[in-house]
Amino acid sequence: MANSLPTEFDVIVMGTGLPESILAAACSRSGQRVLHLDSRSYYGGNWASFSFPGLLSWLKEHRQNSDTVEESPAAWQDMIHETEEAIPLCKKDETIQHAEVFCYASQGMDGNIEELDALQKNPSCVASSTLIKPLDSTSLSEETHSSHITSYEVPTQDTPKNNEEITDTAETSVKEEYCGYDTYKHTLSDGTKDEIKPVLEDNSGPPKRKRIAYSQIVKEGRRFNIDLSSKLLYSQGLLIDLLIKSNVSRYAEFKNVTRILAFREGKVEQVPCSRADVFNSKELTMVEKRMLMKFLTFCLDYEQHPEEYQAFTQCSFSEYLKTKKLTPSLQHFILHSIAMMSESSCTTVDGLKATKNFLQCLGRFGNTPFLFPLYGQGEIPQCFCRMCAVFGGIYCLRHKVQCLVVDRESGRCKAIIDHLGQRINAKYFIVEDSYLSEETCSSVQYKQISRAVLITDQSVLKTDSDQQISILIVPPVEPGAHAVRIIELCSSTMTCMKDTYLVHLTCSSSKTAREDLESVVKKLFTPYSETEVDKEELPKPGLLWALYFNMRDSSGVSRSSYNGLPPNVYVCTGPDCGLGSEHAVKQAETLFHEIFPSEEFCPPPPNPEDIFFDGDEKPSEPLGTSNIVMAKLESSEGSKNLESSGKHLQN
C-alpha cells in the first residue's frame, strides 16, 4: 500500500462489510472514482471468515483493543480550516463483547505429552506448531489473513486453495504420521527414533469415534473458514438475484444445504419439505402427508384465498395452525422448520408469507431453499470488492480515518483525514456504523446478537453420508425467549477439517452469548473426553472447542438516530439476526439510489464484444445492426470474461 493516496475521489467508503462492498461495487460500476478503506487488516468486517489461527488472532486483537485506547498517530486539528469543523471517528471497534473460549479436546494424541513434544520439534511442522503461539499484528496481516489481503491477486475462490497447498507442503509428513489415530501407534526402536507400525483393527464391534486432539485442530487450522456472522442464501433471495444480475456470482462457488432439521421432544429429526420428501418420509403417516401437502399448497397462493385467514390476522401463526386440524408434529415442523418464526411474536400473515417464501425457493438449486458459499460467508463481500477493483476502485486495508471534515456554510462533508495526516476529498461518504464515535451514536439503542461457534466430531443427526449441510431451529423452552438457529457445516464446504463439523448458533440476545446459548449446546453436544470415547459410542456429538460472543445488531437503527451527520454521509449497518442477507442488499440499493437516483444499481458487466478502447477505430456496420466493436479481447464467451477480469486484477 502506498503511503500517499490520490486526493480526489467521487465516493469514499469506510468499512468492507457486505452492504459497503455492494455499494462500492455499484458506485465503481457506474463510473465513479471509489476509494475503499478499512482500518482492519482483513476484508469483511463483522461479515468476515477466518482460519482457526486467524480467529484466535482476531480474539486477541479485540481483547487488546478493549484494554487500551490508541492515541492519534498524526495531529489533524491543525489541518481544519476556520470555515470547517471536524467530526472525530471511533478509534476502536466495540461491536464485539463478552467473548469466551473453551477447549474440551485434549492437548496431545492419547494424552501423551512426549508425542506432542515430538510434533512440535518435527522440522516438517514448524510452521503449523508456531500457530499455537499468539500472533502479533505483523504476522496477523502478513500470514493469518493472507486469503483476505491477497484477494485481488488471485481469484477469490482460489485463495483458500492456495493456502491449503502451502499447508499440505509443510505438513505432508505430519499427516502421514498422524493420519489415523486408530490405526497407528508409536513404538520405540533401539531407544532413539520413533517408528510408526500398523496395528490391526478389530472391526467386529461398532466403528469407534476418531480421537481429535487440539494439536491437530491447530495443525489443520488453515482448513477452517469460520464466519463471524452465520447466514445462508435464499435461492430466490435478493442476494442471489444480485449476484447473478451483476455477474459477481462467477467469483464464488456454492453448495446446496442438504437437510432441514427439527428439534422436538429432545430428538433431532429431518423435516420433509419438498413433495418427494413428504411422500418418502417414514416419520409421517399417510393422513399427515395429505394434510401437510394440502396446507403447503394453500400457502403458495394464500393471497388468492383471504377468506381462509382473514379472521385470524390478529392471532399468532401458531394459533392459526391449530385451527387447520394439523397434528402437533406438523404444526411444529411448519412453525419452526419451514416458516422459521417465533411462536409468540409471529402473526398469521407473517407466518404465511414466510412459508410461501420457503416454498418458492425450493427446487431452484436443490431440494432445500438455501445455498452456502464455499470457504464461508466472508467470500461474498470480497466478491463485490473484486468487482469494484475491476472497474477502477482503490483499496487500502489497515488504513484508519481520524475524522470527517465538514464545511460550516453548506453543512456537507468535503474530506477525510487519515491516520497519516493526509487530507482526501470526495463528494459522498459511506461509513460503517462501527466507525462512528460514541458522541455521534449517543442517542442510538443497539440490539445484540448472541453467537456461538463450535467444532464437533460428529453430526447432530447421523446418516450414511458424513457430508451434510444442515439447518436446525431449536424452539425456546420458556415463553418470550428466543429460538436458536443452528447451521452445521461439513468439511466439503471448505470451512473445517476432515472428520469435524463446524456448528454456528445464533439468536437475539437477552443476556451474554454464553448464558443464551449454553443450555442448547448441552442438549445437543457432549464435552469431548477421551475416556468417554474409549468406553462406548456416545449418543451425542463430542464438543471439541467452543467460542461464545455477542455482536452488535444495528440493522434497526434509522439515520435520524445519529447526531450531527452531514447529508452526504451515509451509514451502513452491520449484520442482523436474520437467516438471509436481504437487509444488507436492500440497504445498499436504497442508499445507492439516494446518492445516484438516475443510475442503474449493479447492472451486468458489458459484453467483451461491446468494449472498445480509446484510439480504436469503430468498424463500419450494415444498417440495422447493433454496435459491436472489439479489437483486443480474444473471446466473447462469458467464461473468458472472468479470465480477463482476473488478469486486470493482477496487474
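Which element gives the most to the lining of the largest pocket? Helix H15 does, with 7 residues.

This is a predicted model: local features need pLDDT of at least 70, side-chain atom pairs count only at pLDDT 80 or more, and totals for chains, interfaces and linings use all residues. Residues are numbered from 1 along each chain as its sequence is written, and side-chain values use heavy atoms, without hydrogens and water.

**View 1. The largest pocket has a volume of about 1,400 Å³.** A pocket is an open set of points on a 1 Å grid over the protein atoms alone, where a 1.4 Å probe fits, with protein on both sides within 12 Å along at least five of seven lines. Its volume is the space filled by probe spheres set on the points. Lining residues have an atom within 4 Å of a point. There are 43 of them, and Tyr-234, Met-340, Met-341, Gly-578 and Leu-579 lie nearest the centre. H15, strand E21 (484-489), strand E22 (501-508) and helix H19 (582-595) each supply at least two lining residues. Helices (H or I, at least four residues) and strands (E, at least two) are DSSP runs, numbered from the N terminus.

**View 2. Helix H14 (residues 328-338) packs against helix H15 (residues 348-361).** The angle is about 75 degrees, and the axes, lines fitted to C-alpha atoms over the stretch in contact, are 10 Å apart. H14 and H15 are therefore roughly perpendicular (65 to 115 degrees). Ile-334, Ser-337 and Ile-338 of H14 make contact (heavy atoms within 4.5 Å) with Ala-354, Thr-355 and Phe-358 of H15.

**View 3. Three strands form an open sheet in the order E9-E13-E10, with antiparallel pairing.** Strands pair if DSSP finds at least two bridges between them. Strand E9 (233-234) and strand E10 (254-256) are the edges. Leu-233 has Leu-371 in E13 as its bridge partner.

Definitions and conventions. Axes fitted to C-alpha atoms, helices over the stretch in contact; angles between N-to-C directions. Parallel < 35°, antiparallel > 145°, perpendicular 65-115°, else oblique.
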